[in-house]
Amino acid sequence: MRQFLSILTALAFLAMASPAAAQVSQLFEEFGVSPRDSAMGGAYTAVGGDYAAAFYNPAGLFLIEGSHAHLGYRVVDPVLFMRFKGHSVPMNLADYPSTEVFLLGLSTDFKLSGAFNNAITDRVNFGMAFGVGEYLKSYTGYVDPYTPYLFRYYERMVSLLSLYLGFSIKLTDWLAVGAGFVPAPSDAMARAMVRSDIYLPTMTMKTTQAQITRAFSKVEPLAGIFLKWPGNAWRDRLALGIAWRDQVETNDGKGEAVTKMVIHFPDGSTYTGLDTVTVPIIQLTGFSPMQASAGLMIKPLPAMTVSIDEVWKNWREWINYFEMRPAPRLHDTWTTKAGIEHVFSFDQDWFQTVSVRGGYYYEPSPVPAQDGPWNLLDNDKHVGSLGLGVRVSNLLGVIVVPVQMNFSYQEHILVQKHLSNNRDPQFGPIDYGGHLWSFAGTLEISF
């Protein structure tokens, strides 16, 4: 238990101290936390029972029994296109960089040792979801706001260090509440000093610059409720979950750049009376909207789980890289997600269960119809997923603790769109779309 807590503390300080870890939430939102929730289409608000609940609904952590560590990997590969009027060959964006992220999950009911008294171990559970790697930048582009670019997928990679920590408190055998937070390095302040020396008559220029960045970490909260059916007959077969997660904005630096110019004459004299130019620095690198979800879980059979979520996202607060709001503004979205899991058990000492999973949802775009100067290109999308889990124990006499391998495959199909751009003075009609696929795998060890 002491090593467990040491790992947790180290990860929390790492997330809070790293201003370069720009995107903290969005990968989990789009592609899921673990292979299990990804395979079930993200319909996880009323499922719980593992570390992914720290992101979806921390109250669902109260279903955890024992202690578990998950180590895994996720890759996301986009194949996208834009087609402009007058060009028969589309701008193929298949060379977009892939996202590769290493995943870590920890969860416990604190009964691993005698470090805590029964008042805690009988009521409090903990879960952590962690991802680190490089992520395909989205929602904020380093471009002129009027230049066409794909709103969700921009070809610049940013560092990803996503960490969600959650706790649940069991109030009764059928009711739990939970709370959690994400440490977001979102208040980085920057100041750059630039000096340009021009030497006459050769017009040679020498430029020197320096930049100072200070990071201030914020903590964004999330909370949830998990309710089982109070009656004993359906206690473990019907559940309701409600969760809320605050908005997360991240930036690499915000402040100003000051430029001063000095002219050097052949006689060695200088002229410094030129105006000093001050330019604002705004480096918004990530945005995850405030959202709320309600989920229903039902077990029509003891080995089958069916889940449905309704998710609301508050997109109206989105701003771009230059802290400008689009015209018209984005609108909020509602998404219905559905997932299913069936667990097949085997009467073997070492080969215990095989879990088959599937999920689907249709997510509308928050970008409204555009016929003006803004060119935010975004698509509605169909998301389908499949997954598999295999649980073994005492394998070949070497692995004596229970081990589960989980895998998921997810396909995001972007509904092709046509932007007429009738009032755009620079760009004409545009067609755009494509698809993304994601694969994830984790190894879970229970102890």
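This report walks through the fold, the nonpolar cores and the salt bridges of one protein.

Keep in mind as you look that this is a predicted model. The protein has 5 helices and 22 strands, and 50% of its 447 residues count as buried. Among contacts with a separation of 6 or more, 70% are made by residues 24 or more positions apart.

Let's turn to the inside. In soluble globular proteins, nonpolar side chains tend to be buried together. Here the largest nonpolar core has 38 residues, and those with the most contacts inside it include Leu 27, Phe 28, Val 33 and Tyr 164. A second, separate core of 10 residues includes Trp 315 and Leu 376.

Next come the charged pairs. The count comes to 14 salt bridges, and three of them are shown here.

| Salt bridge | Closest N and O atoms |
|---|---|
| Arg 152 and Asp 378 | 2.8 Å |
| Arg 325 and Glu 317 | 3.8 Å |
| Lys 381 and Glu 363 | 3.8 Å |

In contrast, Arg 325 counts as partly exposed because its relative accessibility is 39%, and Glu 317 is partly exposed at 31%.

Note on methods
Residues numbered from 1 in each chain as written. Predicted model: local features only at pLDDT ≥ 70, side-chain atom pairs only at ≥ 80, totals over all residues. Heavy atoms only, no water. Helix = DSSP H or I, 4+ residues; strand = E, 2+ residues; numbered from the N terminus. Buried < 20%, exposed > 50% of the residue type's maximum accessible area, 1.4 Å probe, protein only. Contact = heavy atoms within 4.5 Å. Core = buried A, V, L, I, M, F, W, Y, C linked by side-chain atoms within 4.5 Å. Salt bridge = Lys/Arg side-chain N within 4 Å of Asp/Glu carboxyl O.
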